[in-house]
Amino acid sequence: MEEVSQIQAFQPQETVPTEATKGYNQLASYVLDKFPNISGLLRIVYLIDYTYCSQTETGFTEMDWHYDHLLGKKQISLQRLESITLPPKMEYYADEILKVASLMHPSQLADWALGTYPARHTQSGNPIRMVELTLEDLDNELEEVWEDIQTNHKDLMVALAK
């Protein structure tokens, strides 16, 4: 299925935003204010939400992300907001992702989004359990670091214990 164009994805909607779509609308509007013609908006918002989640252990948008969002097969209705102000921490994560994403080809952006731990551990057509899988990834990273310390730095650990 073809990716829906940005113009089609942002037609005014008659629906009342939920808490989840409010967060999405906020982030997407912020991104569009900075880069009005950016390609891959949905993936960028996902990456910002993922980055926020990996740092705070909670999602910002509270979206029910689906694998098909990252493939461009499923869109989210957006109500464009004016005068967007993000919380400082969220704005920092958004700006950091935008610095990189604005330089990427859409296929690279898709690879980046699909390469996140939550996306890699979700099958096509299924919801992405963002918070749960991000926490699992963080736990795995911690275990790898601990195993590395135990394997490669035993003498340091013994010296510190003394």
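The pLDDT is the predictor's confidence in each residue, from 0 to 100. The model described here is predicted. Its protein chain averages a pLDDT of 81. A score of at least 70 is reached by 88% of the residues. Confidence is highest in helix H5 (residues 88-101), with a mean of 94. It is lowest in helix H1 (residues 6-9), where the mean is 36. Over residues 1-15 the pLDDT is below 50. Even so, this stretch has 25 contacts in the model beyond near neighbours in sequence.

The largest nonpolar core has 38 residues. Within this core, the residues with the most contacts are Tyr24, Ile44, Tyr46 and Trp65. Several helices give two or more residues to the core, among them helix H2 (19-34), helix H6 (106-114), helix H7 (117-120) and helix H8 (130-152). H5 also belongs to this group, as does helix H3 (41-56). The largest share, 10 residues, comes from H3.

Aromatic residues were examined next. The structure holds 6 aromatic pairs. In one of them, the rings of Tyr24 and Trp65 have centres 6.2 Å apart. Their planes stand at 70 degrees, over the 60 required, so the pair is edge-to-face. Tyr24 lies in helix H2, whereas Trp65 lies in the loop between H3 and H4. The pair therefore ties together parts that are 41 residues apart in sequence. Tyr24 is buried, at 0% relative accessibility. Trp65 is also buried, at 1%.

A second pair, Tyr46 and Tyr50, is stacked. Its centres are 6.4 Å apart, with 10 degrees between the planes. Both residues lie in helix H3. They are 4 residues apart, so about one helical turn separates them. Tyr46 has 0% relative accessibility and counts as buried. Tyr50 has 15%, which is under the 20% limit, so Tyr50 counts as buried too. Tyr24, Tyr46, Tyr50 and Trp65 form one aromatic cluster.

Leaving aside neighbours within four places in sequence, its partners include Leu42, Val45, Asp49 and Ile76. Pro127, Ile128 and Met130 are in contact with Trp65 as well.

A polar atom of its side chain lies 3.3 Å from the backbone nitrogen of Gly125. Beyond neighbours within four places in sequence, Asp68 is in contact with Lys73, Lys74, Ser124 and Gly125.

Note on methods
Residues numbered from 1 in each chain as written. Predicted model: local features only at pLDDT ≥ 70, side-chain atom pairs only at ≥ 80, totals over all residues. Heavy atoms only, no water. Contact = heavy atoms within 4.5 Å. Core = buried A, V, L, I, M, F, W, Y, C linked by side-chain atoms within 4.5 Å. Buried < 20%, exposed > 50% of the residue type's maximum accessible area, 1.4 Å probe, protein only. Polar contact = N/O pair within 3.5 Å; in protein donor to acceptor, adjacent residues only side chain to side chain. Phe/Tyr/Trp six-rings, centres within 6.5 Å; stacked < 30°, edge-to-face > 60°.
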